Amino acid sequence: MFAVSLLEAVRAAQRVVVLTGAGISAESGIPTFRDAMEGMWSRFRPEDLASPQGFRRDPQQVWAWYAERRGKVLKCQPNPGHVALADWQRRCAELLLVTQNVDRLHQRAGAQNVHELHGNLYEIKCTKHGAPSAWPEPIPDMPPTCPHCGDWLRPNVVWFGEALPMDVFEAASQAVPQADLCVVIGTSGLVYPAAHLPLLALQSQVPVLEINKETTDLSQRAQWFLQGASGQLLPQLLRAAFPED
Ligand code: OAD
């Protein structure tokens, strides 16, 4: 079912960079962003809910939306795709997991040192000076204020128009050209700069494996493209690559 060249590449790779997007968590019950009909942005305007301006305009609404999303995510469980990646990380000399997801399902499946490009739903931070801390429990109706400057505390996620955490993105950008294999899973590749990472791999002649339910702009250019659900394909691929375990 899998190309021999792919199984050999997976088996031989010592340094792997994996980039994940919302698709890897779809089978855990978390809606993706752009998948038509069920995507979150088909029901909400991103500029109202996921932007610094939207938060300034209506902190309570934005806070409530994130509190609800956080509540839903906490009830979801990692799926076999997350588990397979955490297992692969344990057997691989160096597997850097870079994610655009804010759900922390990779970590909950046992993955280590996950590079979160878009923040997470587990922390809040001061609007003015950062400094992440845990969400308050129980969650109040209004966002709390910073004990130091009095400004609002907000979810520690990257919003539209905001920069990514530069140290995280730079670490990922440096790892990609050094990798033996770059694996891109469940992302539409529409949001930059995250979408730049697979392009960097192609430019650096690093073989790319894409796993996605649908074709994307990357699919034709990737060395291997596996079309289907990552929660099924990843465990199958790793069982085929490492049959002795
Ligand atoms: P998208 O919603 O744009 O894309 C999800 C991708 O997952 C699509 O290409 C689907 O075909 C694919 N997919 C769906 N289910 C799948 C499955 N079971 N197995 C494999 N693939 C599947 O999500 P992202 O690319 O992650 O940013 O979106 C990137 C960023 O856009 C998000 O991090 C978010 C959003 O704006 C911020 O919030 C900053």
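Modeller: Gladly! A residue counts as near a molecule if one of its heavy atoms lies within 4 Å of it. This is a predicted model, where local features need pLDDT of at least 70, side-chain atom pairs count only at pLDDT 80 or more, and totals for chains, interfaces and linings use all residues. Residues are numbered from 1 along each chain as its sequence is written, and side-chain values use heavy atoms, with hydrogens and water left out.

Colleague: Which residues come nearest to the ligand?

Modeller: There are 24 residues around the ligand. Those that come nearest are Phe33, Arg34, Thr187, Ser188 and Asn212.

Colleague: How far is the side chain of Asn212 from an oxygen atom of the ligand?

Modeller: A polar contact here is a pair of N or O atoms within 3.5 Å. For the side chain of Asn212, the N or O atom lies at 2.6 Å.

Colleague: How many disulfides does the structure hold?

Modeller: A disulfide needs two cysteine sulfur atoms within 2.5 Å. The sulfur of Cys149 has its closest cysteine sulfur in Cys126, and at 3.5 Å that is too far for a bond. Cys182 is in no disulfide either, as the nearest cysteine sulfur, that of Cys92, is 13 Å away. The number of disulfides is 0.

Colleague: Is Cys182 buried or exposed?

Modeller: Buried means under 20% relative accessible area, exposed over 50%, and partly exposed in between (1.4 Å probe, protein chains only). Cys149, at 33%, is partly exposed. Cys182 has a relative accessible area of 2%, so this residue is buried.

Conventions: Polar contact = N/O pair within 3.5 Å; in protein donor to acceptor, adjacent residues only side chain to side chain.
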